[in-house]
Amino acid sequence: MLAGAGCSSGVNGTGDGDGSNGSGAQNNDKVQTFTPAGGKASATLNIASGSENKEVAAAVQKAADESGVAVTLNYMGSLDIMSALENGGENYDAVWPASSMWISMGDTKHLVKDAASTSTTPVVFGIEKAKAVDLGWADASGKTKAVSTTDIIDAVTAGKLKFSMTSATQSNSGASAYLAFAAALSGKTDPLTAADFQNADLQQKVVSLLKGVDRSSGSSDWLKDMVVANPDRFDAMVNYESLVIQADKQLTQNGKDPLLAVYPADGIAISDSPLGYVDRGQNLSDAFSKFQQALGSKDSKLEFERAGRRTGLGGTLTYASDPQVQQSFKADWGLNTDASTLKTIPMPAADVIDQALDIYQTALRKPSYTIWVVDYSGSMEGAGKRGVVAGLNAALDPDEAKNARIQPSDKDVNVFIPFSSKPSQPFSAKGTDTKALLTNAENRNPVGGTNIYSALDTALDQLPGDLTDYTVAVVLMTDGQSETDDQDTFRATYRQKGNDVPIFSIMFGTADPTQLDEIATLSNAKVFDGRSGDLASVFRQVKGYN
């Protein structure tokens, strides 16, 4: 993965600017606040929420209006929600992850009360229609056929299918898909045990399937946006059915073919989207109850289904006759609302999931090849360099990285390219032995100017010979504005030999967001804002995309 700096709005950026969604909602990319339309709120709830809940803003607004309670949704990954619970709930009054398993794993202090599902959506394959037809998994009408997990492995092995997927250790859709794959391939009907995940035959089958991953992401919502923005580049993704529906609405509006929802016939994971109160002694349980009840009202549930979520028993639709619900669950998008389609896997125990995620990160996922392009110009002296070193250690030191489940595997490759007015000699580390690379980063002194384009050009020369062996990314990190003499040359070079490798950026200091946005757009990537000063946290987020 290649690290960079910058800030952006839109699909590829951080989206830090203010906006609105709904009559009382004020939002940006990470935080969205909903206030009752009828007047002053009786209370405000601060909620740690999965990013996928951006898609149900209309339902949240209805509930805020009905309950008279304002809510602030702080969008984050499943691991962050789990960590917040492990840390005593931090400043959150409620949690709203994609799946109950993150509450089960994180609520070690037993703070969560009255957790209840708000809606359900299965994790499915969204496959571009022509590709699905070519594979024999759909007909020209969009009707899909029964597809087993073994069928998917066969397509990957034959080189006929590649797909994008979120990281199983950073996002619920990735974790759920991984657990469903393993359950289906094991052939068991009971919940998998720790011994099952140690089974060499099962591990090899999962590895064969995950070889099909050609782009990783730390966010389900961002993954959807990436596919929509680049339909000619990405023809399949593993994601929530609801986000496949949102993608199809945008794709067809843009005159593109939709993705067809393919439901693995031998095992599927369901996101139950539970909302639970975090009891920290803050005395907001009455406000929470009012909001939770309103979120389960007819008006809100209708908005859930219009957004592509299911609210009926067993994964059925409660409002199937509503015209807008019908426009979401369209049969010619491969969508099947029969509950029998959802062969739900039994979830393992929390401690087994914990072990399974470690095995995924260290042994089963496709290895990553990350190129870290790091600014060592004179302005990095002091706090800048300390932040970089702390961030690299958080991402690459096996002991530190394990805390965030981003530890390197034996097959990972990391390449370090420090730069100022020109790039320095690349320094590589293979597997888990990253100590020399981190020592190099610590001992290097900042000096000189800033030329990110020359450094990125050097990074492209360090790409592996066979990109299909890894999930490859460049991470650019800078605190300043680059000299622009080499900008046009780099753009041409990337289009010639970049092979669609994403260039993620971490922006801090006085980095130029315009330059970084352009790089993100060029490479189908994202800009992370490191100006808060917590660069270790930002590095962890970036690594979740590789």
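Predicted model: local features only at pLDDT ≥ 70, side-chain atom pairs only at ≥ 80, totals over all residues.
1. Domain 1 brings 28 residues to the contact and domain 2 brings 34 residues.

2. Buried area. The size of an interface is often given as the accessible area lost when the parts come together. Between domain 1 and domain 2 that area is about 2100 Å². Carbon and sulfur atoms account for 55% of it. On the side of domain 1, Glu55, Met101 and Arg310 lose the most area to domain 2. Together these three residues make up 27% of what that side buries.

3. Polar links across the interface. Two salt bridges are counted between domain 1 and domain 2. There are also 10 residue pairs in polar contact across the interface, with both residues at pLDDT 80 or more. Three helices each supply at least two residues of the side of domain 1 that touches domain 2: α2 (78-86), α3 (100-106) and α13 (323-328). Helix α3 gives the largest share, four residues. By type, this side of domain 1 has seven nonpolar, 14 polar and seven charged residues.

4. Glu55 and Lys224. Side chains of opposite charge can pair when their charged atoms come close. The whole structure holds 19 salt bridges. One joins a loop to a helix: Glu55 sits between β4 (43-50) and α1 (57-67), while Lys224 belongs to α9 (residues 220-229), so the pair ties together parts 169 residues apart in sequence. The N to O distance in this bridge is 3.2 Å. Is Lys224 buried or exposed? Lys224 counts as buried because its relative accessibility is 3%, below the 20% cut-off.

5. Asp201 and Lys205 form a salt bridge at 3.5 Å, N to O. Both residues lie in helix α8 (residues 200-210). They are four residues apart, about one turn of the helix. Asp201 is partly exposed, with a relative accessible area of 48%. Lys205 is partly exposed too, at 31%.

6. Arg531 and Asp529. This pair also forms a salt bridge, with the closest N and O atoms 2.6 Å apart. Asp529 is buried, at 15%.

7. A network. Salt bridges with shared partners join Glu55, Asp221, Lys224 and Asp225 into one network. Two of its members, Glu55 and Lys224, are the pair described in point 4.

8. Ser67. Where does Ser67 lie? Ser67 is in helix α1. Ser67 counts as buried because its relative accessible area is 13%, under the 20% limit. A polar atom of the Ser67 side chain lies 2.7 Å from the backbone oxygen of Ala63. The Ser67 side chain also reaches the backbone nitrogen of Val69, at 3.2 Å. Leaving aside residues up to four places away in sequence, Ser67 touches Lys290, Phe291 and Ala294.

Notes
Residues numbered from 1 in each chain as written. Heavy atoms only, no water. Contact = heavy atoms within 4.5 Å. Buried area = accessible area lost by both parts, 1.4 Å probe. Salt bridge = Lys/Arg side-chain N within 4 Å of Asp/Glu carboxyl O. Polar contact = N/O pair within 3.5 Å; in protein donor to acceptor, adjacent residues only side chain to side chain. Nonpolar A, V, L, I, M, F, W, Y, C, P; charged D, E, K, R; others polar. Buried < 20%, exposed > 50% of the residue type's maximum accessible area, 1.4 Å probe, protein only.
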